Structures are given as C-alpha cells and as structure tokens.
Amino acid sequence: MKDCGLWIKGQILVPCFFILLSAMPAACTDWTDHYDAGTSVMASQQATLWENIEKNPGLSQFASLVKQTGYDRVLSASQTYTVWAPLNDTFDYKALSAEGTDRLLVEFVQNHIARNNYPASGTVDKKIFMLNEKMMSFGGRESYSIQGIDVEQPNVASSNGVIHALNGKIPFLQNIYESLNNKIFAIDSVSDYFHSYDTERLNEELSVPGPTLNGEITYLDSIFYKYNELFARYRSYINREDSNYTMIVPTNEAWKKAKAVISGMYNYVPQFEFMENTSSGSDKKVTTVKLKDAAKLKDSIVNIMLMRDLFYNNNLYDNKRLGNLQNGQTLQCDSLCSTTYSKIYTDDAARLLEGASRVDKSNGAVWITDSLRMRTWTSWNPEIVQQAETNSMLANAFNVAGDPRRVYVMPGSQNPAVAGRISGNRYLEAQPSASNTNPEVDFYLSSVRSAEYSVYVVFVPANITNADRETLPHRMIITMGYADEKGKSQEQRMRNPADGTNYFSNEPTRIDTLYLGDFTFPVAYIGTGNSSQVYSPYLRIRSSVTNALSAQYDRTLRIDCIILRPKALDTYLKENPGYRYDGGNN
C-alpha cells in the first residue's frame, strides 16, 4: 500500500487510503453482530467516537493530542474505526504534546487507531494494521491486550466504531525510513543525504479541481503525498510496512571514511576531450565535453555509490538469513544480493556486518556500523567487462571487409578441443579487407573510474566451431586512448609485460585471456554522458602482420570481450585463487 500523508492547503488530513474509502458504506452497521446483549444497547452507541472520547475524563490527555492533530474530525465522521485510547498518566503526555504535528499524528494518534470494528469479545487473536500501517497484535480471552498493553476498559461502543481504553500507550516501532534520523545514533550524514530527497507530490486524482486559469488547472483542495526518489533509485522501499529489509547504516565516522576512499575513484575535470573518431590516421575528430559542475557531479556520484549496496530484501535469495541474524553472530550464507543487484559472496558478505549492531524495525532491521567493510570492487569500483560484439561500444573499425561480424556460437557447437568458454556465446570477428591489410577495431570502454585497472582482452581461436581450421596467433599493436588530468586527449601504446615490446600475441589453441598490463585513468567518465551519448576512453586493437610474417600470424581478429579489472582485485585474486566475486557488475 502506498505510504502517503495528505494535506489540504497546510491542514493535515487522513492518509489517502481513508479518502478512497470515504465514499464506501461503514463496515459494521449492525452492532448486535459484534456485541452481547449487554453492550449492544449502551447509550454510548448514540455518540460518535470523538464524542465518547471527549466526554470521558480519563481520556482527556488522549483527547487533547487527537485534537492537536485534527483527528477529532476524522473520529466524528461516519467511517468505522477502532480506537485503543491510553488512559491519563499512563504515558508521557507532556513530551508528546511538545512534538510536531506530523510526528504526533503518525507516531501516536494513527498508532492507536485502525479501520473497521475490532471488539474485545470471546477469543481474539488478530494482526491489525493501524492507520499508520503498523501491524499490531490484538488478542486475549476475557482479558485483552494489544502489543502487550492491557485493555482496562473494553468495548465502549460508538455510532462509528468502538473504543478500548488502555493502561499505557502502544509502542511505536519505526520502520527503516523513519529511523533515518540523528536523535539516537550518530547517523546525521546518511540521514541528511536521504532526507534531502524528500518531496511532496500533488495527487491529482484525489485533489478537488477548480477553475482553469491561463490554461492550467487549479485545485480547490490540493492533496499531496510524501515521496523520496531514492526508494526507486535503490529499488528499496524502506518506507513500506509490508516489506522486510535489512539496511546497513554507517555512522558519521563510517560515512566520512568511506567517502574519502570513494572520492579518489571519481575525479572529474570541468572539461575534457573526447575522441569521436578514433582512426589512427589524420581524420580524428575530437569533441570538447564541458561539465556543468564537476565538483557537484563528483559529490553526487560519490554519495550514490556509497549508498549503492546498503539495502537488502530479506525475502529474496539467501538474504533470508539476515532476518534472524542477531548481534554477535556470524552471517553464514552463499551470497547476499543487494537491491541494486550486486552479489556479495560468503566471506565478503559476513564482513559487511562484523562489528555492527542490529536494531529491529517494523519492516526489518538496521545494522549500525562504524565502518563500511566492503571490498572496493564489490560496490564502488567494480570490474568492467565490455563485450566486443556490443554495437554501441564499437567506436570504429578500419581495413575490415565490411562491418565486423557478430558471431554466435550455438550451445553445443563449440569445438570440444578448445578450452575455455565465450561470454554470452558471442564474439566479434574482424576480417581484413584484403589479403595484405591489417584490420583494426576500436572499443569504447564504459563506466570507467579514475582508478588503476589490470587490462585483459579475451581472444577466440579460429577453430572455435570447426576443428579443421588452421590456428595461428595474432600479432597486434594495442593502444589506450584517454583524457589526462587536464582533460587533454592522449594515446598510450600498451607495452607487453611479458617481453617489454609493443607487440602482443595470443595463444591460438584456446579461448585466451591475454593480459595487457596495468593502466591508470586520471579522470572518471562514468556519469558524464546522457541517454544519447556515452563519453568513454577507448582501446584500439590493430593487427600488425607484415607480408613476410603472413604465414606465421592470423590477420583476422576474433575478440570476445575486454576486461578492466581493478588492480586491487587483480592482486587479491592472485593471492586467493579460489575467491568468488561478482565479475563484470559494472
């Protein structure tokens, strides 16, 4: 159900689902269906809920708070409600009366009222959604309670519902979204960031239209609802009571430390040169890209990335183990999957909650931590896998017979003698335009951060589907194109780490992942483009076979993908060969 509050020109009204129901008949009109003969003829039945509350001296404090929020009007209407009203001096009236109206409404008044009629009669065992959508347990036999609070005076029948007087107020349990405040824990940073996206939106369906002025509809009664775009961005609706989430919540210190680490991966310059045409000839086309506000872009993306994998749906995958995990326990699972679809495996998943403290919420739990114990490559600087056959990321092709072919290797058609596998069963093939020419293919590299990467290219052998095809290695020159720290376009020829030369050759009998060396990009590209244009550095792969060497090398390039692996991850993999990670989660 949509979580929203409604206002009419500054006045607080009932949540929108009440208005939707206001045209419906009352749910319970025959009181004798719900009460025994003694209670069904009570004089209070002739009065509304509000009238019965207001004239009960033992409920004067509750009545004052209800009126403060404007809910006296709601309880005077014809809809049917059940009110669990705490008696005087069984709660901190002075503190509540000092609360702001919005908070008082949600955390106290709506926390004690439910739609429909719930008498305390016979055996009761019910789960009830209150007006603030919190679910409460109401039960008993002969004596009754709700959420552990005893009912002192049950079944005060009214014309539009029933009142149960309580020996105390019902505890308000915040949901995760409501708990993002700085009153209990030192989490101002994450709270301020999240709530900076709070907005109010006009509900045109529920608002009462007025006259049209200057071509625009005006509204006599403007109905708004609360909204936060981060719910959708992170696919985590932590405001919904019918959900079950885990959120890792960094303290201010943890936020500060994480931002310091992430910031170095997102260096932007006010303007940089982008190579639109990457030809090695004289017809290069360079465009200058100007960023509106490089500093603001950096801060925005750093915050987005910091928050990226803090949310987990407890109802999905192995995340279900989070529901019962308690303080001091070690998480044991195959993997966790964040709401942004990052997959974090066994040991890394357990690290996330080390030293953190669980705090239960009405729709899950938060884990307060003084350090975000994430591997940089699982969230903030992931491995980038660029498929060679992706049309949009092929910058250019030269000396190629026609367009490069996208070859699909049908499952089961791969030559069993060829070791390895092709990602997605597709690769790109660039054949020379003539027997003595050398094809060149240039690839844009998407989502690049200002970071050091170990660069790999995966090559496919000629006999991938035909065992009779001759297999020869390639002889290639490989160049990286990028913008330097001043935004100027540069090219750097990669040097073979195996022999220090400018030439690379692959192993032609297998699907070969060829290491090109390490490369550091001075500036970040991710986030600089738009829906129609992606700005990226590029990698040029050019066959370099002379006529004298034509019998020794294959000029046709067959490329599966390009891998930019964060250097820290590459080093970790070499030290921990059995390590599992979410590869290619750009």
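A polar contact is a pair of N or O atoms within 3.5 Å, of which, within protein, one must be able to donate a hydrogen and the other to accept it. In the predicted model described here, such a pair is found at the start of helix α11, where a side-chain oxygen of D293 comes to within 3.3 Å of the backbone nitrogen of A295. Helix α11 itself covers residues 294-307, 14 residues in total. From the first C-alpha to the last, α11 reaches 20 Å, close to the 20 Å expected at 1.5 Å a residue.

The buried residues of α11 are A294, L297, I301, V302, N303, M305, L306 and M307. An α-helix has 3.6 residues a turn, so residues three or four places apart point the same way. The elements against which the buried residues of α11 pack are α8 (188-195), β14 (245-250), α10 (252-263), β17 (311-313) and α13 (376-379).

In soluble globular proteins, nonpolar side chains tend to be buried together. The largest nonpolar core in the model has 94 residues, and I238, M247, M307 and I541 are those with the most contacts inside it. With seven residues, α11 gives the most to this core. When neighbours within four places in sequence are left aside, I541 is in contact with P439, E440, V441, D442, F443, V457, M476, I477, I478, L557 and I559. Two of these contacts, E440 and D442, also belong to a network of salt bridges that links E440, D442, E491, R540 and R542.

The count of salt bridges comes to 24. One of them joins the side chains of E241 and K134, with an N to O distance of 2.5 Å. This pair links distant parts of the chain, the two residues being 107 residues apart. E241 lies in the loop between α9 (230-233) and β14, and K134 in the loop between β5 (123-129) and β6 (135-141). E241 has a relative accessible area of 10% and is therefore buried, the cut-off being under 20%. K134 is likewise counted as buried, because its relative accessibility is 2%.

Another salt bridge is formed by the side chains of R565 and D570, at 3.6 Å from N to O. R565 is buried, with a relative accessible area of 14%. D570 counts as buried at 2% relative accessibility. The side chains of R321 and D318 also meet in a salt bridge, here at 3.0 Å from N to O. R321 is classed as partly exposed because its relative accessible area is 46%, a value between the cut-offs of 20% and 50%.

A search of the whole structure finds zero disulfides. Among the cysteines, C333 is buried, with a relative accessible area of 8%. C337 counts as buried at 14% relative accessibility.

Backbone geometry was considered at two loop residues. D89, although not a glycine, has a positive phi of about 65°. The position of D89 is in the loop between β3 (81-86) and α6 (93-97). D89 counts as exposed because its relative accessibility is 67%, and the cut-off for that class is over 50%. N116 is not a glycine either, and has a positive phi of about 75°. N116 is placed in the loop between β4 (113-115) and β5. At 34% relative accessibility, N116 counts as partly exposed.

A strand position was examined as well. T199 is located in strand β10, which spans residues 198-202. With a relative accessible area of 38%, T199 is partly exposed. The C-alpha atom of T199 is separated by 9.6 Å from that of F224, a residue 25 residues apart from T199 along the chain. Neighbours within four places in sequence left aside, T199 is in contact with Y225, K226 and Y227.

Methods
Residues are numbered from 1 along each chain as its sequence is written. This is a predicted model: local features need pLDDT of at least 70, side-chain atom pairs count only at pLDDT 80 or more; totals for chains, interfaces and linings use all residues. Side-chain values use heavy atoms; hydrogens and water are left out. Helices (H or I, at least four residues) and strands (E, at least two) are DSSP runs, numbered from the N terminus. The expected span of a helix is 1.5 Å times one less than its number of residues. Buried means under 20% relative accessible area, exposed over 50%, partly exposed in between (1.4 Å probe, protein chains only). Contact means heavy atoms within 4.5 Å. A salt bridge is a side-chain nitrogen of Lys or Arg within 4 Å of a carboxyl oxygen of Asp or Glu. A disulfide is a pair of cysteine sulfur atoms within 2.5 Å. A nonpolar core is a set of buried Ala, Val, Leu, Ile, Met, Phe, Trp, Tyr and Cys residues joined through side-chain atoms within 4.5 Å.
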